[in-house]
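Me: I'd like to go through this model with you and ask what stands behind each label. Could you set the values against the definitions for me?

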Amino acid sequence: MALGLPRSRRPTYSRLAFYAFLCAWLVVHASACSGPETASETRPPFVPLEVIDLGALVTEDLPERVWGTALREQLGFTAPNSFQLIPWTFSDISGLNAYYTLFNHGGPHIDAPNHYGYDGGVDSFPIEAFTGPAVVFDARAYPHGPSVPVELFEGNVAAGDIVLIVTGFEPPTTADALPEFPTLTPEAAEFLATLPVRAYGTDGFSVGYVGETSTSGGHYSFLSRGIPVYEQLFNVERLLDRQNLFFVGVPLNIRDGDGMIVRPVVFVY
């Protein structure tokens with residue numbers, strides 16, 4: 001039965017073969033006209049082009065390597081990280097467990113509001129606060145202290161962005177040297193915090209500066225509003241020529257923790 005078509009309009013095998021050939025020809029040539037598929041077209045949309053690690057290898061001397069000697073001694077943070085390895089054996093299997101003692105602000109880490117006397121520890125942040133689209137700014141031309149102006153960000157940041165800056169911070173290399181790095185002006189910090197951004201991060205030693213107060217400066221602007229702050233990030237300069245960035249920096253969910261070492265990563269799409 002030919003689907004009720006009149007005999008003169010029923011397709012013959014030769015016609016069917018011709019139609020099949022025509023369809024195949026159109027498919028092949030349509031693909032040729034569209035050009036070869038790029039890597040982004042064949043890659044699933046959730047798979048990034050690149051993953052950039054903003055964390056650091058955690059060692060016993062990581063706090064000293066980032067802070068230097070003078071400021072640690074001035075503030076009393078002189079203990080190194082320590083790793084207590086505990087061998088164990090069960091039946092014919094053996095291995096290691098460990099207790100870790102970590103300085104939670106030595107190396108890439110997050111600050112919680114209670115770090116500066118505001119309400120809320122690390123556990124007070126919603127999980128969404130630690131992930132989001134990132135925008136990166138080069139602040140290496142600005143001098144030490146609160147010098148990064150609001151004009152750098154105006155028109156270039158949207159509410160919900162995670163803002164990262166590159167300061168070019170180099171840890172102190174002599175025993176009496178203190179950390180030096182540019183930070184946001186109070187106006188710039190207030191501008192970002194009141195958009196509001198989702199989080200703020202820097203490769204500098206701190207978001208704040210010597211002389212900031214409980215009502216001005218980066219710590220006040222962000223932490224008093226419950227916005228996470230990331231400090232001492234590594235490799236942020238690698239993001240300067242990248243587009244379409246997504247930041248993930250989830251700390252351990254420590255009850256009332258005032259901060260925690262983090263291994264943040266950025267997915268490049």
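Me: What makes the largest pocket a pocket, and what is its volume?

Reply: The largest pocket of this predicted model has a volume of about 590 Å³. On a 1 Å grid over the protein atoms alone, a pocket is an open set of points with protein on both sides within 12 Å along at least five of seven lines, whereas a cavity is a set where a 1.4 Å probe fits but cannot get out. The volume is the space filled by probe spheres set on the points, which are joined across faces, edges and corners.

Me: Which residues are closest to the centre of the largest pocket?

Reply: Of the 25 lining residues, Leu 71, Leu 75, Tyr 116, Phe 205 and Ser 206 are the closest to the centre. A residue counts as lining if it has an atom within 4 Å of a point. Helix 4 (residues 70-75) gives the most to this lining, with three residues. Helices (H or I, at least four residues) and strands (E, at least two) are DSSP runs, numbered from the N terminus.

Me: How is the lining of the largest pocket divided by class?

Reply: The lining has twelve nonpolar, ten polar and three charged residues. Here Ala, Val, Leu, Ile, Met, Phe, Trp, Tyr, Cys and Pro count as nonpolar, Asp, Glu, Lys and Arg as charged, and the others, Gly among them, as polar.

Me: Before we go on, what applies to the numbering and to the model as a whole?

Reply: Residues are numbered from 1 along each chain as its sequence is written, and side-chain values use heavy atoms, with hydrogens and water left out. The model is predicted, so to speak of local features takes pLDDT of at least 70, side-chain atom pairs count only at pLDDT 80 or more, and totals for chains, interfaces and linings use all residues.

Me: How do you know that strand 5 pairs with strand 11?

Reply: Two strands pair if DSSP finds at least two bridges between them. Strand 5 (residues 131-138) and strand 11 (residues 245-248) are joined by four bridges and run antiparallel, so they meet the criterion. One of the contacts can be named: Pro 133 has Phe 246 as its bridge partner in strand 11. Strand 5 also pairs with strand 7 (residues 162-166), in the parallel sense and over five bridges; Val 135 has Val 163 as its partner there. Strand 7 in turn pairs in the parallel sense with strand 9 (residues 199-202) over four bridges, and Tyr 200 is the partner of Val 163 in strand 9.

Me: Why are strand 1 and strand 12 said to stand at the edges?

Reply: Nine strands form an open sheet of mixed pairing, in the order 1-13-11-5-7-9-10-4-12. Strand 1 (50-53) and strand 12 (259-261) each have a single partner strand, so one side of each is left without a neighbour in the sheet.

Me: Why is the contact between Arg 238 and Glu 50 called a salt bridge?

Reply: The term asks for a side-chain nitrogen of Lys or Arg within 4 Å of a carboxyl oxygen of Asp or Glu. Arg 238 and Glu 50 meet at 3.3 Å, N to O, so the pair qualifies. Arg 238 is in the loop between strand 10 (229-231) and strand 11, and Glu 50 is in strand 1, 188 residues apart. Glu 50 forms a salt bridge with Arg 242 too, at 3.0 Å between the closest N and O atoms. A search of the whole structure finds seven salt bridges.

Me: What makes Glu 50 partly exposed?

Reply: Buried means under 20% relative accessible area, exposed over 50%, and partly exposed in between (1.4 Å probe, protein chains only). Glu 50 has 24%, so Glu 50 falls in between. Arg 238, at 36%, is partly exposed, and Arg 242, at 22%, is partly exposed as well.

Me: Is Thr 59 buried or exposed?

Reply: Thr 59, in the loop between strand 1 and helix 3 (62-67), has a relative accessible area of 18% and is buried.

Me: And is Ser 91 buried or exposed?

Reply: Ser 91 is exposed, with 65%. Ser 91 lies in the loop between strand 2 (82-90) and strand 3 (93-101), and its phi is near 60 degrees, a positive value in a residue other than glycine.
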